[in-house]
Amino acid sequence: MKIALTSQNFKTVTNHAGRARRFLVYQVESGQPPVEIERIDLPKDMCIHELGGQMVAHPLDAVDVLISASFGPGFARNMARRNVIASLTEETDPIRAIEQFVADGQRLPGGEGCGHDHNHDHGHGHGHGHGHDHEDGQDTCHCH
């Protein structure tokens, strides 16, 4: 499985996934430590926010999961349309964020991502029915 993380500095997990242009990509295999396999550095016009929902070919289409410190419901929907699970983390270390995602028993490719409809079970023992923060005028989902 390929997992991308928003990382504007290519060191830590950063926020604002919709506007992010830099991503670390890891290959994750069961029982093995995550291995960084790629760094994506997009031009501004290719960030998900700038695409405005257009379904053009995108480097993130090649990943199964995208982890970020923050994103809004539109980002989650856009990634779901690309068959990419969008997941939030409070971890800043990329390896720990991946390990937490795996440890929480998140659904793997083919399952539901966080499409901001919190009436489904994320596969880690509880459903989600919680509020949203309104930072910068946008709803931000805090599932994990």
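This is a predicted model: local features need pLDDT of at least 70, side-chain atom pairs count only at pLDDT 80 or more; totals for chains, interfaces and linings use all residues.
Residues are numbered from 1 along each chain as its sequence is written, and side-chain values use heavy atoms, with hydrogens and water left out.

Helices and strands are taken as DSSP runs numbered from the N terminus (H or I with at least four residues for helices, E with at least two for strands). Strand S4, residues 65-68, runs parallel to S5 and is joined to S5 by 4 bridges; two strands pair if DSSP finds at least two bridges between them. At one of the bridge positions, Ile67 has Ser87 of S5 as its partner. Between the two strands the chain passes through H2, and this β-α-β crossover is right-handed. The term right-handed applies if, with the strands pointing away from the viewer, the path from the first strand over the helix to the second runs clockwise.

S5 is covered on both faces: Ile85 and Ser87 are buried on one side, Ala86 and Leu88 on the other. Buried stands for under 20% relative accessible area and exposed for over 50%, with partly exposed in between (1.4 Å probe, protein chains only).

Arg82 sits in the loop that links helix H2 (73-81) to strand S5 (85-88). Its relative accessible area is 8%, so Arg82 is buried. Leaving aside residues up to four places away in sequence, Arg82 touches Ile48, Leu51, Gln54, Met55, Val56, His58 and Asp61, where contact means heavy atoms within 4.5 Å. Arg82 and Ala62 are 20 residues apart in sequence, and their C-alpha atoms are 9.3 Å apart.

One of the residues touched by Arg82, Asp61, is joined to Arg82 by a side-chain polar contact of 2.7 Å. A polar contact is a pair of N or O atoms within 3.5 Å; within protein, one must be able to donate a hydrogen and the other to accept it, and residues adjacent in sequence count only if both atoms are side-chain atoms.

Side chains of opposite charge can pair when their charged atoms come close. The rule for a salt bridge is a side-chain nitrogen of Lys or Arg within 4 Å of a carboxyl oxygen of Asp or Glu, and the count comes to 4 salt bridges. Among them is the one between Arg82 and Asp61, at 2.7 Å from N to O. Because Arg82 lies in the loop between H2 and S5 and Asp61 in the loop between helix H1 (48-51) and S4, the pair ties together parts that are 21 residues apart in sequence. Asp61 is partly exposed at 34%, whereas Arg82 is buried.

Another salt bridge links Glu36 and Arg39, with the closest N and O atoms 2.6 Å apart. Glu36 is partly exposed at 33%, and Arg39 is partly exposed at 47%. In the salt bridge of Arg96 with Glu91, the closest N and O atoms are 3.1 Å apart. Arg96 is partly exposed at 46%, and Glu91 is partly exposed at 25%.

The structure holds 1 aromatic pair. Phe71 and Phe75 form this pair, which is tilted, with 5.4 Å centre to centre and 40° between the planes. Rings of Phe, Tyr and Trp (its six-membered ring) pair if their centres lie within 6.5 Å; planes under 30 degrees apart count as stacked, over 60 as edge-to-face and the rest as tilted. Phe71 is buried at 4% relative accessibility, and Phe75 is buried at 6%.
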